[in-house]
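Biologist: I am new to this structure. Could we go through it in questions and answers?

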Amino acid sequence: MEGELSTAIANYNNAQDSYYITVIDYAEYDDYDGDDESNYEKGLTKLDEEIATGNIPDIMEISYMDIYAYAEKGLFLNLYDLMESDEVYTRDVFFVKLSYR
């Protein structure tokens, strides 16, 4: 992980001691040089194994995934449900910044 996001995470982790952000890039498990096509999905396999054992990430970047398979199993939380009960973080102040390279 590089750039603006890694700097923001490092700054956050250094600024407090209650919570700590750990980033796992499951794509690092993939083997794109192998002849076996299943090698391209080793990262997703590793993520699935961790979820099956209860080691579920709090936040996931899901743009590359088949999210429907995970959603059918109830692995996602609708943040809007939480925002409806919060006086500060409402839908009106929530936004997502997307950047594509």
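Modeller: A contact, as used here, means heavy atoms within 4.5 Å. This is a predicted model, in which local features need pLDDT of at least 70 and side-chain atom pairs count only at pLDDT 80 or more, while totals for chains, interfaces and linings use all residues. Residues are numbered from 1 along each chain as its sequence is written, and side-chain values use heavy atoms, with hydrogens and water left out.

Biologist: What share of the contacts with a separation of 6 or more is between residues 24 or more positions apart?

Modeller: The count takes in contacts in the protein with a separation of 6 or more. Among these, residues 24 or more positions apart account for 10%.

Biologist: Which pattern does the protein follow along the sequence?

Modeller: Helices (H or I, at least four residues) and strands (E, at least two) are DSSP runs, numbered from the N terminus. The protein has four helices and zero strands. Read along the sequence, the pattern is therefore α-α-α-α.

Biologist: In which helix is confidence lowest, and in which is it highest?

Modeller: Confidence is given as pLDDT, the predictor's value for each residue, from 0 to 100. The protein has a mean pLDDT of 80, and 85% of its residues reach 70 or more. The lowest confidence is in helix α4 (residues 79-83), at a mean of 82, and the highest, at 89, is in α2.

Biologist: What percentage of the residues is buried?

Modeller: Buried means under 20% relative accessible area, exposed means over 50%, and partly exposed lies in between (1.4 Å probe, protein chains only). Of the 101 residues in the protein, the buried share is 13%.

Biologist: Which residues form the largest nonpolar core?

Modeller: A nonpolar core is a set of buried Ala, Val, Leu, Ile, Met, Phe, Trp, Tyr and Cys residues joined through side-chain atoms within 4.5 Å. In soluble globular proteins, nonpolar side chains tend to be buried together. The five residues of the largest core are Tyr26, Leu47, Ile51, Met65 and Tyr70.

Biologist: Which side chains meet in a salt bridge?

Modeller: Side chains of opposite charge can pair when their charged atoms come close. A salt bridge is a side-chain nitrogen of Lys or Arg within 4 Å of a carboxyl oxygen of Asp or Glu, and the structure holds one. The two partners both lie in helix α2, four residues apart, about one turn of the helix. At 3.6 Å, N to O, they are Lys46 and Glu50.

Biologist: Which residues does Asn13 contact, leaving aside its neighbours within four places in sequence?

Modeller: Asn13 is found in helix α1 (residues 3-15). At 12% relative accessibility, Asn13 counts as buried. Its contacts beyond those neighbours are Tyr19, Tyr20 and Ile21.

Biologist: Which residues form a nonpolar patch on the surface?

Modeller: Patches are made of residues with over 30% relative accessible area and no salt bridge, where like charges are joined within 9 Å and nonpolar side chains (Val, Leu, Ile, Met, Phe, Trp, Tyr) within 5 Å. One member, Tyr19, is found in the loop between α1 and α2 (42-52), and counts as exposed at 61% relative accessibility. With about 400 Å² of accessible area together, the patch residues are Tyr12, Tyr19, Ile21 and Val23.

How values were computed: Accessible areas come from the Shrake-Rupley method with a 1.4 Å probe; for residues, only the protein chains shown count as cover.
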